[in-house]
Amino acid sequence: MRHLRKGYGYKVLSIPLFFLFISLNLILTTPAIAKEDAYLDSLLKETEIRKLYSDRYWDVLLHYKNSISGKQSLVDSPVFFLSSDGKNNPKAEIEATIRALFMEDEMNDQHPRCRFVARYAWLKEVLNIDETRLPDVTCKEYNDAISRINPKKAVFIFPVGYMNSPASMFGHTLLRIDSSYQSKLISYAANYAAWANDKNGFIYAFKGLFGYYLGYFTILPYYEKVMEYNELEQRDIWEYELNLSEAEVRRMVMHLWELRDIYSYYYFFDENCSYNLLFLLEAARPSLNLTGRFHGWVVPIDTIRVVLDSGIAGAAEYRPAKATRIRYIASLMDEETQELTLKIVRKEIKPEELQRVSPEDKIKILDLSAEITQYDYGKKRMTKDDYQKQFLSILTERSRLGTTGDTAYNIPVPASPEKGHKTSLLRLGAGIKKNNLFYEAGYRTAYHALSDFDDGYIEGSQIVFLNTNARYYTKDNKVRLTDFDIIDIVSLSPGSIFFRSPSWKVKTGFTRKTISGDKEILIYQLNPGAGFAFENSVTGLTYCMFETNLNVSGSLKDSYAFGPGVSVGSLRLITDYWKINVSLKAMSFLFGEKHDIYEGRVVQSFKIDRNNTLKLDFGLGRVQNVHQDEMTLNWNHYF
């Protein structure tokens, strides 16, 4: 009871005190709140008068692009927007952002001022915001990050494609952010990539084509990317230093901070790594309009050209892959010394047992052995203990031979990626087939074919999308679609005693085919294959493929034909302006519409300039004892 009375008395006394406190609080704070509300209203009014929601830089920071229904952000993560309508409404988003600056229930690192530092910095500048009238906020995580990254310069990075990885064959782009340290390897790299764990190539391609992966920006040490691309995946790297000021690079990092843990749906052919990276450059220098230069396909090589055209990139620096270095050193050696190298790597002989070898050859053998040992360890083909023992024994023997100077292995620098032909192709030509004159026109969306000149591309690689060709035959006055290749990929990876990568191909799409007599039918085909390739000083890049081919058409018996076959061929650059591709193929369709096909083809390409070539194609063929000879001359224009 006593306790209850005491409590009751406390409640009685507390009620007037409570109202007194509320009254005093209202008396003391209402003018301040009203004052800040008035300040917020003035900022919103200023924003409306100046229509800042239509400002180009606001579009860049929110990744807004014009769509049928108006502006729409390419960012899909809901937490990127402070307005529920922010993805489609720049005005609602900027108003929500300005209101959020006054929030007091989100403190420090979670406050919108800390989360969206680039937006705040821009609004503070254009609206001349008085920071003392905003809640006191400390952005410790951001300040720590910016101190750690210490951004001074930016470098545009292009790792070339990796032949045996279809997803990488277009190449990739990322940004390196240099600090005041001299070593580039300890810089940070800004990377945008799909979050994908699928191992099945078909599923990976399907999801990538139709936006089933989420793409994220990440910041990670540059040496990790060099290790991944340069050391393990046999991908050379090109580095283009950007002439951005320190303040511009800092703006870029601020926007990168806003994009952490934010996703967009990833599409291989347009909203990909290279396209999204351009937003960072636009955030750094708002006068750039790089993303606006693309309307459809975005090929990494094309983004390099756009960046170079904008005037912010300098000359390229070449960082050869470990595999490139191995191949080059091996090219300086004869077959016997290469075999000795392999024996050391396989531990069949010890480095000190090279007694009968000349000092010059011994140096090359040991240098190459060291490179291959490092490569094998990086590929996890040996344990750390084995690696340390073997590497140390090689270096110990090598140290007895002295240095060879910095120029001993000056790897020739190939043509940089932007020096190659452009990626789309328009084709016009004429030809004759069984005394029937025809004219033809074609278009290829992307990217590079075996018969194209390889400057800036990987020799032996072909990746072609949406190649379309039509002919007008003068004899019967008809236009026919002859080819519509949805995808046509060939990877000819020359083997050596050090690298034994398989070669492969896959082609699918529609083509016109003669089965018997003069009748041509349009079929759908799926033509995969696998084999091997090698380099030869006489025949060039030579290959052999074992293939299967599935043809589907209502005009075929049982509506299909299926069978195995084999093809051989070689690619050789005769001069810098003349390239020959010779091929032979034999297919035996054993199921469905049974028939055999034999064909030989010689394709000669003549370079006029970087983006114009003439192509002379001469083919001999036989299907069910009916000859299918034809000759075509085309002018190819790359754009």
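The model is predicted: local features need pLDDT of at least 70, side-chain atom pairs count only at pLDDT 80 or more, and totals for chains, interfaces and linings use all residues. Residues are numbered from 1 along each chain, and side-chain values use heavy atoms, without hydrogens or water.

**Helix 12**
- Its buried residues are Lys322, Ala323, Thr324, Ile326, Tyr328, Ile329 and Ala330.
- Their cover includes helix 8 (222-232), strand 9 (313-319), helix 13 (335-345) and helix 14 (359-378).

- Seven strands form an open sheet in the order 8-6-5-4-3-7-9, with antiparallel pairing. Pairing takes at least two DSSP bridges between two strands.
- Strand 8 (263-266) and strand 9 are the edge strands, and each pairs on one side only.
- Strand 5 (residues 188-194) and strand 6 (residues 213-221) pair in the antiparallel sense over seven bridges.
- Tyrosine 188 has proline 221 in strand 6 as its bridge partner.

**Helices 14 and 15**
- The axes (lines fitted to C-alpha atoms over the stretch in contact) of helix 14 and helix 15 (residues 384-399) come within 10 Å and cross at roughly 165°, on a scale from 0 to 180 degrees between N-to-C directions.
- Helix 14 is therefore roughly antiparallel (over 145 degrees) to helix 15.
- Residues in the contact (heavy atoms within 4.5 Å) include Leu366 and Tyr377 of helix 14 and Phe391 and Ile394 of helix 15.

Key. Buried < 20%, exposed > 50% of the residue type's maximum accessible area, 1.4 Å probe, protein only. Helix = DSSP H or I, 4+ residues; strand = E, 2+ residues; numbered from the N terminus. Parallel < 35°, antiparallel > 145°, perpendicular 65-115°, else oblique.
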